[in-house]
Amino acid sequence: MANTVKVLVVGLGNMGASHASAYHRNPGFEIVGLMSRSIKSKPVPEELKGYPLFEDYDEALRVTRPDAVSINSWPNTHAEYAIKAINAGAHVFMEKPLATNIADAEQVVKLAKAKNRKLVLGYILRVHPSWVKFTELAQTLGKPLVMRLNLNQQSGGPTYDWHKNLIDSLIPIVDCGVHYVDVMCQMTKARPVRVHGIGAKLWAEADKQNYGHLHVEFDDGSVGWYEAGWGPMMSEVAYFVKDVVGPKGAVSIVPNPKAHKEGVSDSSNIDQHTKTDAIQYHHAEVQPGDKSFAKKDEIFVMTDEPNHQELCDREQAFFLKAIQEDLDLTESMDAAVNSLRIVLAAEQSINEKRVVELA
C-alpha cells in the first residue's frame, strides 16, 4: 500500500494485541510483521492471522525493514529494542515504561532526538478525555495540591501468570506508577524534589515485592501518593482511588459500576483501569455566618467513554500524526524520563530504607 507507515509489532500480549488491532484497522499503517519469542507456538488473534511471524527481533528488523516499530514486550527489553529500531531508521511506539533504569531511558531519548525519529510512549491517560478533564480541573484548585491515586489488582485466572511475570521485570509501583506520577506532574507543573517508598512481598511465587506505596513532594509544596499491589491476596475494597485536593476544593473520579468478566476480578479487568462514570468537583468556598458551602458539588458525567481498545486506537492515530506531521515530541519524551525517575527513586527508597532526594 502506497504512502502507508510499515510497522513491525513486537509483543502480542494484552497491550501488543490491542495495538496490533489498531494498526490492522488504521489505513495509515501496514503491518509488515508480528514478533514475539514464542509467537509460533501460541494462537494469533483471528484478525491478525496472515501476517509474517518472527521469533527473533534482529531477523524481524532485517527482513521487514519497517518505517516504525511498536514495542510491547516485557519492560526489560524496551531500551534494547528501541535503540536497535532507531538505529535501523525506524520511528518507535513503546509501551511504558521507557526502560528499567534512567541511564537507558536517557540514552533512548537522546538517540531519538539525534536521529530525528519519533518516539511515542504508551501513556494511555494522555489520550483519555476523562483524565484530560480530571487534570484540567485539578489545575483550578490552587496550590499546593494533595494527590491521592491507587490501582490495586487482584490476580486470578488469566491475570495470575501475567502479573507474576511482570513482577520479574518491575515492581507494581514502577510498572503502573509511571502513568500516575506523570498525571501528578501535569497537575502541578512543578519539579519533584523528594521521594519515599515502602513495600512488602506478600506473594511467595512472585520474584519481587508485589505491593508498594510511594510518596512524592514537589517544589511548589504539592504532595502525592500512589499505591499499587498485584496478587491473588489483594483486596478489592478501595482498589480505585483517584482524588485531588487543593485550597479551593477537590476533584475526584467516580468509577463506573462494576463490569465483571468471567474468570477475571474487577480490579484486574483492564477496561476498569481507565473507565469512569463521572468526575465530581467539590468547591471549598463557604458562606459567611453559618459556614455552609456556597456552591453545590458539580458532577461532570462522562458520556461516550472510550474503552481500552478505543484508547489504543487513539494512541496509534497520534503516533501516525506525529510521523506524518513531524510533531515535536520533546515534552512527552522528557516527561517519560521524569516519571520513570520518580518511580525508580521510590524503589531505591524501599531498598535503601531512606528518603531519596532528586537532583
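The exercises that follow concern a helix, cysteines and salt bridges.

This is a predicted model, in which local features need pLDDT of at least 70, side-chain atom pairs count only at pLDDT 80 or more, and totals for chains, interfaces and linings use all residues. Residues are numbered from 1 along each chain as its sequence is written, and side-chain values use heavy atoms, with hydrogens and water left out.

**Exercise 1.** Determine what span helix α8 has and whether its residues are mostly buried or exposed.

*Solution.* 
Step 1. Helices are DSSP runs of H or I with at least four residues, strands are runs of E with at least two, and both are numbered from the N terminus.
Step 2. Helix α8 covers residues 177–188, which is twelve residues.
Step 3. From first to last C-alpha, α8 reaches 17 Å, close to the expected 16 Å; the expected span is 1.5 Å times one less than the number of residues.
Step 4. Buried means under 20% relative accessible area, exposed over 50%, and partly exposed in between (1.4 Å probe, protein chains only).
Step 5. Eleven of the twelve residues of α8 are buried, so the helix is largely enclosed by the rest of the structure. Among them are His179, Tyr180 and Cys185.

**Exercise 2.** Find how many disulfides there are and why Cys185 forms no such bond.

*Solution.* 
Step 1. A disulfide is a pair of cysteine sulfur atoms within 2.5 Å.
Step 2. By this rule the count is zero.
Step 3. The closest cysteine sulfur to that of Cys185 belongs to Cys176 and is 17 Å away, too far for a bond.
Step 4. Cys312 is likewise in no disulfide, as its nearest cysteine sulfur, also that of Cys176, lies 14 Å away.
Step 5. Cys185 is buried at 13% relative accessibility, and Cys312 is buried at 0%.

**Exercise 3.** State which residue forms a salt bridge with Glu106 and which helices the pair ties together.

*Solution.* 
Step 1. A salt bridge is a side-chain nitrogen of Lys or Arg within 4 Å of a carboxyl oxygen of Asp or Glu.
Step 2. The partner of Glu106 is Arg341, with the closest N and O atoms 3.2 Å apart.
Step 3. Glu106 lies in helix α4 (residues 102–115) and Arg341 in helix α10 (residues 330–352), so the pair ties together parts 235 residues apart in sequence.
Step 4. Glu106 is partly exposed at 39% relative accessible area, and Arg341 is partly exposed at 29%.
Step 5. Lys113 and Asp334 also form a salt bridge, at 3.0 Å between the closest N and O atoms. This pair links α4 with α10 across 221 residues.
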